[in-house]
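Biologist: Hi! Could you walk me through this one?
Modeller: Happy to, here it is.

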Amino acid sequence: SATGGSGAASATGYRGAASATGDRGAASATGDRGAASATGDRGKVMGAEGCALFLVYRNPTNGDIAHAWAGIAGRDGIKPETWYTLDKSGKPQECA
């Protein structure tokens, strides 16, 4: 778990979980059946095939949660081993 600004968390083991709660935090799950979540402002996630991903988009003015999204790497157009963030409309987008 990473709680500070620009923190990074990684889960590499079987069924591991990584969470980044600070602003611009990054979480990755590269082990089998892992999960990664980023709940801070402008957070990003990445996962291996079959890993669960969770993102939050916060209102830039007051920090309130405006959107939340969950998906699985390798399904519904979400690429494994690719970083994603949530855009202001609540849709996941690849990081540049």
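**Salt bridges and strands**

Modeller: Let's start with Lys79, which is partly exposed at 42% relative accessibility; buried means under 20% relative accessible area, exposed over 50% and partly exposed in between, with a 1.4 Å probe and protein chains only. This is a predicted model, where local features need pLDDT of at least 70, side-chain atom pairs count only at pLDDT 80 or more, and totals for chains, interfaces and linings use all residues. Residues are numbered from 1 along each chain as its sequence is written, and side-chain values use heavy atoms, with hydrogens and water left out.

Biologist: Which side chain meets Lys79 in a salt bridge?

Modeller: That is Glu94, at 2.8 Å from N to O. A salt bridge here is a side-chain nitrogen of Lys or Arg within 4 Å of a carboxyl oxygen of Asp or Glu.

Biologist: And what does the pair tie together?

Modeller: Lys79 lies in the loop between strand E7 (65-72) and strand E8 (84-86), and Glu94 is in strand E9 (residues 92-94), so the pair ties together parts that are 15 residues apart in sequence. Strands (E, at least two residues) are DSSP runs, numbered from the N terminus, as are helices (H or I, at least four). Glu94 is partly exposed, at 42% relative accessibility.

Biologist: How many salt bridges are there in the whole structure?

Modeller: The search finds 3. Among them, Arg42 and Asp41 meet at 3.0 Å, N to O. Asp32 and Arg33 form another, at 3.9 Å.

Biologist: Is Asp41 buried or exposed?

Modeller: Asp41 counts as buried, at 18% relative accessibility, whereas Arg42 is partly exposed with a relative accessible area of 48%.

Biologist: Changing topic, what lies over the face of Trp83?

Modeller: Lys44 does, at 5.0 Å from the ring centre. The rule asks for NZ of Lys or CZ of Arg within 6 Å of the ring centre and within 35 degrees of the ring normal.

Biologist: Which strand pairs with E1?

Modeller: E3 (residues 26-29) does, in the parallel sense over 4 bridges; two strands pair if DSSP finds at least two bridges between them. Ala11 has Ala29 as its bridge partner in E3.

Biologist: What about E4?

Modeller: E4 pairs in the parallel sense with E6 (residues 52-58), over 4 bridges, and Ala35 stands opposite Ala52 in E6.
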